Amino acid sequence: MVLINENKFGSKAQSINDVAERLTAINWYEKAGVTEKEAEETFHRFMQALQVNKYDIQWVSKEQVPDAISKLTFDNSELWEVLRELPNQLKKDIEAEGQVSLLEKAVDTVPQAVFHAAFEKAFQTFDEEKTVSFLVGHAMYIAVLACTAELAGRTELFASLLELLESGHVPLGPEGNTIYLL
């Protein structure tokens, strides 16, 4: 999949196209409601990469997703403290590399490509409109963060999260330091 012209933007565009291809190939929410130890371990690696140590995981079933989404709050969340600052930190690295125009192109194109894949699967898996909207927006946000980290040369930050998504699971978000995992 080529979303960004590699001739125009260079080799970094290829790495963004690779991330976009991975994100659009995901069978989103495939294992929604299935608890897997391996997925938990993958999530732990993601949190380690972000250097977040204070959290608990709570698995949710498909039926619990709307309620879990309604409880999400960033108050007293160590994960949110890291994620809130991360885009600006990564953007500084991207600016230093002179890749701001590529970042802008990635932000314009990759979330749109992810939207279609995530929407189709969310719509098939969940019937509540608010849940589908949240999940699709969430997938698009993850796409932006993954591409931004890729451009900043910090691929390791989201490598485990991409693995988790590819395994059919997704972290919904925090309620304080409890992370809901689907």
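Modeller: One term to begin with: a crossing is left-handed if the near helix is turned anticlockwise from the far one by less than a right angle, and right-handed if clockwise. This is a predicted model, where local features need pLDDT of at least 70, side-chain atom pairs count only at pLDDT 80 or more, and totals for chains, interfaces and linings use all residues. Residues are numbered from 1 along each chain as its sequence is written, and side-chain values use heavy atoms, with hydrogens and water left out.

Biologist: Which hand is the crossing of α7 and α8?

Modeller: Left-handed. The axes of α7 and helix α8 (residues 156-166) come within 10 Å and cross at roughly 140 degrees.

Biologist: Which residues of α7 and α8 make the contact?

Modeller: From α7, I142, L145, A146 and A149; from α8, F158, L161, L162 and L165. Contact means heavy atoms within 4.5 Å. By class, the contact has eight nonpolar, no polar and no charged residues.

Biologist: And α5 with α7, at what angle do they pack?

Modeller: About 45 degrees, with the axes of α5 (residues 78-96) and α7 (residues 129-151) 9 Å apart. The crossing of α5 and α7 is left-handed too.

Biologist: Which residues in α5 meet α7?

Modeller: W80, L83, P87, L90 and I94. Their partners in α7 include Y141 and L145.

Biologist: Switching to strands. How do β2 and β3 pair?

Modeller: In the antiparallel sense, over four bridges. Strands pair if DSSP finds at least two bridges between them. G173 has Y180 in β3 as its bridge partner.

Biologist: What sits between β2 and β3?

Modeller: Two residues, in a hairpin; G176 in the turn has a positive phi of about 65 degrees.

Definitions and conventions. Axes fitted to C-alpha atoms, helices over the stretch in contact; angles between N-to-C directions. Nonpolar A, V, L, I, M, F, W, Y, C, P; charged D, E, K, R; others polar.
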